[in-house]
Structure formats: C-alpha cells, structure tokens
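Have a look at the picture before reading on.

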Amino acid sequence: MAPIASKLYTDDVSLVVLLLDTNPYFWTSSSSSSLSFSHFISHVLSFVNSILLLNQLNQVVIIATGHNTCGYIYDSSLSSVSSSISANESSGDAKMPAFCSEVLKSLEDFVKNDESLSSVDAGNGVGSSLLSGSLSMALCYVQRVFRTGPLHPQPRILCLHGSPDGPEQYVAVMNSIFSAQRSMVPVDSCVIGAQHSAFLQQASYITGGVYLKPQYLDGLFQYLSTVFATDLHSRKFIQLPKPVGVDFRASCFCHKNTIDMGYICSVCLSIFCMPHKKCSTCGSEYGQAQSDASTLSGQKRKEPS
Amino acid sequence: MNSGGETVVKRAKYKIAKAPGNSGILKMNAEEFAFSPNDPTSGPRLRVRFNTIGAHRVTKDGSKTALLNLLKKGEGSEGYIFEFENFSDRNICRDFVTNALERYSEVPKKDAEGPAQLSTEEMERRIKLLQEDSELMKLHKQLVIGGILTEDEFWATRKKLLDGGRKRTSSTQRVGFKSAMISDIKPLTDGRTNKVTFNLTPEIIHQIFAEKPAVHHAFLNYVPKKMSEKDFWTKYCRAEYLHSTKNAVAAAAEAAEDEDLAVFLKQDYILAGEARSKIRKVDPTLDMEADQGDDYTHLPDHGNARDGNKEIAESQTHYDQYKRNLMQDLNRHAAVVLEGRTLDVVTGDTRTVAEALARTKQVELANDTSEKNNNQERLNRVCRMTEIEDLQATREPPVAPLCIKDPRDYFYSQQANALKTLGDAAFGAGYVKCHVSKQEAYTCLRESISDIKSVGLQTSIIKAEVAFKVLNSLTHNISSTKYNLGRNNQETVLDRLPSRTRDDLLNHWTSIQELLKHFWSSYPINTDHLSIKVDRLKDAMAGIYPKLQEIKESVQSDLRHQVSLLVQPMVQALDAAFAHYDANLQKRRAKSGKNGSI
Ligand SMILES: [Zn+2]
Ligand SMILES: [Zn+2]
C-alpha cells in the first residue's frame with residue numbers, strides 16, 4: 001500500500017464507514033419479512049464492492065453493531081487482497097470476491113464473540129443493538145484519518161440499522177451525533193427495521209446526512225447504490241431524499257405531554273411542564289439561593305462589594 | 001443637570017445694532033431671560049420667554065468679543081445680542097440657553113392639538129425617516145394616506161425613532177487633542193541673528209501640560225511665585241531648543257547651572273514614576289525571553305531614526321537622562337490623544353487650565369486604589385504561577401459531576417414527536433414480540449453467514465422489476481415538495497415561495513402588527529375619539545381577511561399548505577382582536593342601555 005501522502009486525494013474520494021446491525025434477535029424476528037440476514041449481507045457486499053470500484057482510492061470500513069459489543073469487520077485499506085471478482089483463491093467456498101470471504105470470516109468471529117458476551121436471553125422484545133458504540137468507533141476511525149495529514153478521503157458514516165432505538169443509550173448516541181456534527185462527518189441512515197429510528201433521524205438531520213427508510217427491502221441494493229453511493233462532493237449537484245425535518249418540540253419528563261413551553265433543569269436540561277423543587281433526573285435542588293437567603297441570615301450572605 | 005429651578009446671573013452688555021451696548025445684569029431661568037441695565041435710564045429692560053426664541057448663535061471662542069445672540073422664532077436675523085466680559089461667562093449662558101431651548105422644542109409637541117402646529121423641522125424629520133426606510137414608507141402610505149390612522153397616531157408609536165434623530169443632530173462632539181506631536185512645533189529662526197522664536201498657543205500649552213506632567217507640576221509651583229509666566233515658557237523653550245540640538249553634553253552643562261531649567265531638560269520624573277508603577281502591575285511570570293524572537297529592533301537597519309540621526313546607545317549614563325527617546329514620546333503622546341480632553345475649560349488662561357488639570361488628576365488618583373493590595377496580589381500570583389503541578393495534592397474538580405439517573409427520559413421526551421413527523425402510524429405496534437432464546441438467535445445468524453459462504457453472492461442480487469419499482473418510488477418522493485422542505489437548514493419556508501407571494505405576506509404581516517398595536521392600545525375606550533379610531537381599525541382589519549385568502553389561493557397546490565401555515569397566526573391574531581371588539585361592544589351597549597333607561 002502506498003503511503004497516504006503520496007496518493008492523490010481529490011474531493012470525490014470517499015471513506016465510507018458502514019455500520020451493520022447484527023442484532024441476532026432483530027434478524028430472527030425479521031426473517032419472516034422480505035429481508036433475511038443472508039440477503040442483507042449479499043446486498044451490502046455488492047454495495048461495498050461498487051463503492052470500491054467507483055474510485056480506486058475509495059475506502060470502506062465495516063463495523064458490526066452487535067447486541068453486546070461492536071467491532072471492526074473489514075478495512076479496505078488493510079486488506080491484502082484486491083477486490084476484483086476473479087481473485088478467489090483464498091477459500092474453497094463458493095465463488096465470490098476475496099474481500100467478501102474476508103468480511104464473512106470476521107463477521108462469523110464477531111458473532112461468536114458477541115454471543116459469548118451475552119449473559120441472559122433477551123426475554124421478550126428484540127432489544128436494541130449498540131448503536132452508540134459503533135458510532136463512536138466510526139468517529140474514532142474518522143478522527144484517526146483526519147490526523148494523517150491534510151490529504152485524506154472525505155469521510156461519511158452509513159448506518160444500516162434495523163433494531164429499535166435503545167433509550168438507555170440516549171446520552172451516548174447524542175454525544176456521538178454532536179461530535180460527528182463538529183467534525184463535519186455526515187451520518188447517513190438506512191433503516192431496515194419495521195419502525196423509524198428517532199436516533200438516526202436526528203443523527204442525519206443534525207449532521208446533514210440522508211435518512212431513508214426503504215419501502216421495498218428486497219430492492220435494498222438499488223436504494224443503497226442510488227442514494228448512498230454518491231460521494232459528498234457530487235451530492236451538491238443531485239437531489240437526494242431528505243426527511244421532512246425533525247419536530248423539535250419535546251414532551252415533559254413528568255407526564256410525557258408534548259409542550260411548547262416548559263421548565264428546564266439548568267444542570268441536566270430535563271424538561272418539565274411545571275416547576276419542581278428538585279430535578280427528578282439529576283437531583284439538583286432549585287430555588288434555594290433566593291428564597292432562603294433572607295431566613296438564613298447567619299449563613300452565606302452576599303458580601304457588599 | 002439644569003433643573004427647572006436653576007438660574008444663571010451674569011454681567012453682560014445688551015447690544016442693539018452696532019452700538020457699543022448697555023451694561024447690566026442678565027438673569028436666566030428655565031422659562032425666561034431678563035436683562036436689567038445698571039443705569040435704569042440708559043436703556044430698555046428686557047423680559048423674554050424662551051418659547052419665543054428659536055435658536056442662538058455665538059461667536060467663536062477666542063475671537064474679539066464674547067457674544068451670544070438669541071434669535072426670535074420664525075423671523076430671519078433679528079435677535080437679542082449680549083456681549084459678555086469673558087468667554088467662560090458666555091459659554092455658561094450658552095449652555096444654559098441650549099438646555100432651555102431644547103426643553104421648549106419638545107413641549108409644543110405635547111400641547112399641539114392638530115397636525116397644523118407641526119414645525120417644519122419636525123415635518124422634515126418625519127419625511128427623512130420615511131425616505132430612509134422603504135418599509136415604513138409603505139406602511140405610512142397604506143395606513144395614513146389610506147385614512148386608517150391619522151398622521152399623529154402613526155408617529156405616536158414611533159417616538160423613539162423621532163427622538164433618536166433629534167439627539168444625533170443636537171449633541172456635538174468634543175474636540176480632542178491634535179494628533180500632531182508637540183515636538184513637531186519647530187522653532188523659527190531668522191537667518192540674520194541667533195534669535196529663535198517658538199510659537200505657543202493656549203492649545204499647545206494645554207497639550208504640553210497633558211503630555212508632560214513634570215512641566216505641569218513645575219508651572220503650578222513656580223508661576224507666579226518664583227517667575228513670571230513669560231519667563232517660565234522662555235525657559236521651557238530654551239530647554240526644547242537644547243533638545244532639538246541633540247547635544248546631551250551641552251544640555252547637562254546648562255542643567256547644572258540652572259536647576260529650574262533642569263526640570264525641563266531631565267526626563268519627566270512623574271511619568272517615570274507612573275511607568276514604574278505600571279511595570280509593577282505586569283504579570284511577574286511574563287516570559288519576556290519568549291517574545292524575543294518577535295523583536296527585530298535590535299537587528300541592524302531596524303528602528304526609527306529621528307530627524308535623520310540615529311539615536312545610538314551610548315554608555316555615558318550621566319547624560320542618558322538628558323536624552324529623549326522617540327518611542328517614549330510617541331507612546332506618551334498617543335496615550336494622551338486617546339485619553340481625550342478630560343476637562344472642558346476654555347483654553348484662555350494658562351493658570352486656570354493648569355489648576356483644572358491638577359484637580360482632575362487628583363480625582364483620578366483617588367479613584368485608583370488598586371495600588372494598595374497590589375503587592376499582595378502580585379505575591380499570590382507568583383505563588384500560583386510557579387507552583388509545580390506534580391508536587392501538588394490532587395485537586396477536586398471545581399464542578400460537581402453530572403449524575404443523570406435515567407437517560408431514557410431524554411429519549412422518550414423527544415422520540416414521540418420526532419417519529420410523528422415521519423407519519424409512522426405503525427410505531428405503537430412496533431415492538432415485535434420475539435420469543436427466541438439466545439442460542440436460537442445466534443445460531444440462526446451464524447447459519448445465515450455460512451449460507452452465503454457456501455452459496456456465494458447471487459449472480460443477480462436484484463430483480464429488474466424490483467429495481468424499477470425502487471427507482472420509481474425514489475424519484476417520486478424526491479420530486480415532491482415534502483422532501484424538498486428542510487433540504488437546507490438555512491432555507492426558510494419563505495424562500496420557497498414566489499417572491500410576490502412572499503412580499504405580500506410580509507407586507508400584510510407588518511400592517512397587521514401595526515393595526516393590532518393601535519387596536520389594543522385603544523382599550524379601554526373612554527373617549528369618542530378612541531371609539532371612532534377602533535371602528536376605523538376594525539374595518540381595516542376586516543379587509544385583510546379576503547386578501548389573505550386570495551394569497552392562499554394564488555399559490556400552487558403543493559405550497560398552499562405552507563402558506564396557510566404562515567397565514568394562520570395572522571388570522572388568529574385578527575380573530576382575537578375581533579372577539580375582543582365584539583365582547584367590548586356588547587358590554588358598552590349594555591352599559592349605555594342601562595344608563596338610557598335610568
Ligand atoms: Zn409534565
Ligand atoms: Zn436536572
């Protein structure tokens with residue numbers, strides 16, 4: 001591999017970080033629907049292949065978003081084999097590009113590892129996958145690329161996600177989204193589950209990426225290649241589907257009512273429809289300094305300056 | 001502040017035409033001014049109210065006579081001319097008159113009953129405002145010329161605009177010091193004798209006092225006790241001359257003979273003291289060496305040459321104090337110019353200027369208490385800056401750690417609305433029950449992977465008709481407006497509308513706001529005038545409804561929803577006004593009905 005500085009990175013060279021949802025509970029539950037995991041993987045591998053073929057400097061990194069862990073599955077810049085279809089001596093399996101068997105091998109290892117980390121059955125419900133973790137890994141990778149020098153491919157993140165959002169990951173996911181916004185890395189999302197994802201919708205909205213929930217999952221490859229294959233530079237010239245916009249109105253933490261105006265905790269930004277003495281989210285106590293100042297004369301008095 | 005009760009009494013001559021004038025006393029208070037001659041038989045007594053005075057004129061400070069001319073309103077040049085004994089008296093009276101006239105120029109506006117009494121000045125101001133602001137002009141045309149509001153009603157809500165204009169014109173800026181340096185005042189020599197002439201104006205003297213505190217101090221000490229003012233300045237000029245010759249040795253010799261002259265020749269000791277105290281305030285940990293790379297003045301061929309001669313650093317320290325440094329002079333001059341003229345005394349009498357300057361200096365010194373605890377602060381800072389981090393105990397973070405009990409609350413607070421926007425009706429039923437065990441789930445996943453491994457990638461991943469379906473639906477979605485909105489964060493809904501529609505909407509919005517402002521401020525209705533005004537406003541507002549409807553219908557169907565979203569708040573605001581109007585009308589009718597029956 002030639003050193004990075006010697007490569008000629010033009011503004012249409014892409015670094016695509018793919019986040020694959022590998023939550024086993026999601027895939028078993030959705031296998032009855034139009035998209036099975038094996039179909040999904042073959043669509044994705046074809047998509048990866050087409051990105052690598054679009055520009056020989058393009059780079060693809062695949063990160064698996066598991067139920068218990070996340071991990072790098074593939075990095076085209078580290079891959080020793082070329083991505084051409086014909087090169088297929090490495091495995092005795094069916095005919096496919098060499099990089100595909102590499103991906104499948106790592107994916108198998110990853111799933112094994114993910115299973116070993118899982119302690120209990122998911123019980124009822126699909127459960128969420130670790131989106132916050134894989135987003136963070138993707139951003140770390142991008143940051144490392146940024147640090148290699150002024151010349152690097154234009155990074156973007158593409159989430160192929162199906163599991164429902166994990167509310168307990170809210171803070172971590174939002175932090176990742178804002179960090180992506182700060183480093184100007186668009187987060188594209190392609191939602192393959194039954195429901196929309198509020199996380200990904202916000203992520204794409206905030207970072208200026210594309211949010212898409214394909215209607216016909218059996219045509220996933222067509223969606224991927226039509227909407228998500230374009231490099232960032234060329235995106236300026238084409239019309240891509242964009243969501244209607246996010247309704248930023250919030251509902252109060254106390255009653256879940258949608259409110260236009262409310263009270264916000266100055267410490268943790270929790271939203272309430274009425275004033276509280278104490279924040280139920282972070283435990284901060286309000287309104288002491290002013291109302292009690294007159295009664296607690298012996299204690300901290302503001303010194304006349 | 002000149003309050004209404006204040007009076008000013010000054011000796012002055014009342015002049016009529018070119019006559020020498022009649023000596024007497026001029027008394028002024030907020031309402032009027034009166035002149036009574038010393039000799040009651042010599043001429044007329046005067047008693048004139050300020051509201052008959054239109055303007056005033058004065059002669060320039062330092063000109064032959066200190067005149068104040070109070071011009072009668074309306075007429076051309078006719079006025080009352082007073083000559084004062086000195087300019088400071090005149091200026092006190094001038095400032096007083098300015099204040100009095102300013103007060104009167106505002107009063108008639110309140111008293112005015114109709115637009116007929118509007119002064120031309122006021123009229124011009126309004127016209128100017130309208131010309132400067134095309135939106136205001138449009139509104140004025142629509143509402144005032146359209147007969148919905150009267151001229152006065154329209155401007156009543158814009159007093160600030162009118163006042164703002166007035167203030168800008170009336171207040172004058174104080175003149176600062178000249179930016180030319182005093183040292184630029186070159187002595188004049190006539191070719192034949194050795195005589196050298198310096199030209200010192202009061203202006204220059206003021207500047208010398210400000211820039212050279214030692215000279216200022218010496219002046220206060222010596223004049224007139226020790227020497228006359230003329231001698232003082234002669235000595236000063238002698239010293240300046242010596243400096244201009246750049247002969248430090250000669251200067252030192254002269255200074256040794258005349259200790260008064262030495263004050264001027266040596267470096268300004270007061271400034272030096274100030275400089276020392278300023279240096280003390282500099283952060284003691286400032287690393288000067290770190291900046292040395294930026295300093296190129298020590299390199300050859302850098303630095304300023306003064307009068308063509310380089311100031312070569314000599315080691316003769318004795319003479320150093322008789323040398324001047326251009327940098328220091330320049331800095332001092334710049335500081336004084338930037339500080340501006342702190343006193344407002346007429347630069348006539350040198351002694352008064354010197355004393356006034358001394359007074360302001362004292363006030364400044366008294367205010368500057370920083371010196372006292374300076375030393376302690378310095379020590380503290382040194383301690384803080386030089387502490388070695390490794391040797392310190394670990395410090396608690398200055399902020400309490402944020403402890404969020406359940407981050408899920410944030411998610412639920414936002415999720416509902418975010419998903420509603422996407423029209424995801426099926427969301428509620430979204431949680432698919434999944435009763436597979438961990439083992440089953442992972443096995444299934446692994447089987448899928450080995451499936452592809454054995455089968456390989458499908459030769460055709462996607463069927464042609466599926467691809468076509470996908471392309472079709474994507475193109476359809478993209479071309480519809482729903483997906484165009486929010487494409488660009490900066491783009492607003494207004495930008496998507498045709499410019500005509502947008503302008504119409506904005507115009508209606510401003511005029512509705514204006515009408516509503518007048519409408520709501522008319523309540524409670526306690527005069528007939530207000531009731532007529534409200535009726536007028538109501539009719540005007542009623543006329544807006546069909547216009548809004550018209551706009552809605554004029555746009556294309558895909559934009560209509562956006563336009564109606566924009567129009568809705570306008571309609572709501574109007575509806576609220578109408579509801580109030582009706583309720584109030586009924587109340588008033590009921591009241592008047594009761595009154596009638598009794
Ligand atoms: Zn509530
Ligand atoms: Zn809180």
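How are the donor residues of the zinc ion (ligand 2) spaced in sequence? They follow the pattern C-x2-C-x10-C-x2-C. Cys265(A) sits in the loop between β9 (263-264) and β10 (271-272) of chain A, while Cys282(A) is in the loop between β10 and α9 (288-291), so this pair ties together parts 17 residues apart in sequence.

A word on ground rules: this is a predicted model, where local features need pLDDT of at least 70, side-chain atom pairs count only at pLDDT 80 or more, and totals for chains, interfaces and linings use all residues. Residues are numbered from 1 along each chain as its sequence is written, chains are lettered from A and ligands numbered from 1 in the order written, and side-chain values use heavy atoms, leaving out hydrogens and water.

**The zinc site**

The protein donors are the SG atoms of Cys265(A), Cys268(A), Cys279(A) and Cys282(A), 2.2 to 2.3 Å from the zinc ion (ligand 2). Donors here means N, O and S atoms within 2.8 Å of the metal (3.2 Å for Na, K and Ca). Angles of 104 to 114° among the four donor atoms make the site tetrahedral (all angles between 85 and 135 degrees).

**How buried?**

Buried means under 20% relative accessible area, using a 1.4 Å probe and protein chains only.

| Residue | Relative accessibility |
|---|---|
| Cys265(A) | 0%, buried |
| Cys282(A) | 12%, buried |
| Ser38(A) | 18%, buried |

**The serine**

Ser38(A) belongs to helix α2 (residues 37-54) of chain A; helices are DSSP runs (H or I) of at least four residues, and strands (E) of at least two. Beyond its neighbours within four places in sequence, Ser38(A) is in contact (heavy atoms within 4.5 Å) with Ser448(B), Asp451(B) and Ile452(B).

Key:
Buried means under 20% relative accessible area, exposed over 50%, partly exposed in between (1.4 Å probe, protein chains only). Four donors count as tetrahedral if all angles lie between 85 and 135 degrees; four count as square planar and six as octahedral if opposite donors are over 155 degrees apart and all others between 65 and 115; anything else is irregular.
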